[in-house]
Amino acid sequence: MRQKIVAGNWKMNKTLEEANILASEITGMVADEVKGDAKVIFCVPFPYLLPIKNQLGNNGRIAIGAQNCSEHEAGAYTGEVSAPMLKSMGIPYVILGHSERRQYFGEDGKLLAKKIDVALKHGLIPIYCCGEPLEVRESNGHEALVKKQVEESLFHLSADVIKTIVIAYEPVWAIGTGKTASAQQAQDMHAVIRKHIAAKYGQSVADAVAILYGGSVNAANAKELFACPDVDGGLVGGASLKSREFTEVIKGA
Ligand code: PEP
């Protein structure tokens, strides 16, 4: 059985004070109310990684992640943050290939393959995002595109390594729009991704890979989405910024 994961993507939101309050409220609610054993991850802006990590202390339920890292290990890349830096700070997870990075920062599959490699080289666990824009879904090209996104950035990895990756399927038309994929649409695409991995690496490898759904997950829809057999939890944007709402999402896992 794969462990459920609920990762909050805070994006570029909150002041430090607000971030500390949010983390502390969710931590308290999770400790008091969440019965299941879902892993929770706070993917916070770079400047808040250490303060929030220090606040979490040795919390066994909640881990911390970054939202991006450079494809370079070090050097003259002003403003960038490297995988070795994250590792040296004790950050275990990093989101790579979020659709906002693809759209606003021109990140493509080839670049993301490099970021995946550098993250893995330094012992980080990538949360690799894939997903189709609305026009691709409407022209029925979504399965082909998502399979290509998975192939171009992950299929150079060995079976032992790809097993350790977390994939997040996030249809772009559902991100921040309030329009969620139906549980059936999510399950169908997750099954396509898992089958694609199985065709290359074998079923036992595919069965080990965690595949999260992302796109307007909230307290009202989390339970149904997370109950799908191939949906191993969620990557949550807007709802992760509200402590009560995010706690309810976690309870759905
Ligand atoms: C995301 O940013 O990864 C995301 C899924 O956002 P939202 O939940 O707001 O749609």
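Start with the largest pocket, which has 14 lining residues; Lys11, Met12, Gln67, Arg101 and Phe105 are the ones nearest its centre. A pocket here is found on a 1 Å grid over the protein atoms alone, as an open set of points where a 1.4 Å probe fits, with protein on both sides within 12 Å along at least five of seven lines; a lining residue has an atom within 4 Å of a point. Before going on, a word on the source: this is a predicted model, where local features need pLDDT of at least 70 and side-chain atom pairs count only at pLDDT 80 or more, while totals for chains, interfaces and linings use all residues. Residues are numbered from 1 along each chain as its sequence is written, and side-chain values use heavy atoms, with hydrogens and water left out.

Back to that pocket. Its volume is about 360 Å³, counted as the space filled by probe spheres set on grid points that are joined across faces, edges and corners. Helix 4 (residues 99-105) gives the largest share of the lining, four residues; helices are DSSP runs of H or I with at least four residues, strands are E runs of at least two, and both are numbered from the N terminus. The lining splits into seven nonpolar, four polar and three charged residues. In this sorting, Ala, Val, Leu, Ile, Met, Phe, Trp, Tyr, Cys and Pro are nonpolar, Asp, Glu, Lys and Arg are charged, and the others, Gly among them, are polar.

Now for the second largest pocket, with about 200 Å³ of space. It has 17 lining residues, and Gly176, Gly215, Ser216, Gly237 and Gly238 are the closest to its centre. Five of the lining residues are nonpolar, ten polar and two charged.

And what takes up this second largest pocket? The ligand does; a molecule sits in a pocket if more than half of its atoms lie within 2 Å of the pocket's grid points. Around the ligand are 14 residues, the closest being Lys11, Glu170, Gly176, Ser216 and Gly237. For Asn9, a polar side-chain atom is 3.3 Å from a ligand oxygen.

Most residues other than glycine have a negative phi.

Note on methods. A residue is near a molecule or strand if one of its heavy atoms lies within 4 Å of it. A polar contact is a pair of N or O atoms within 3.5 Å; within protein, one must be able to donate a hydrogen and the other to accept it, and residues adjacent in sequence count only if both atoms are side-chain atoms.
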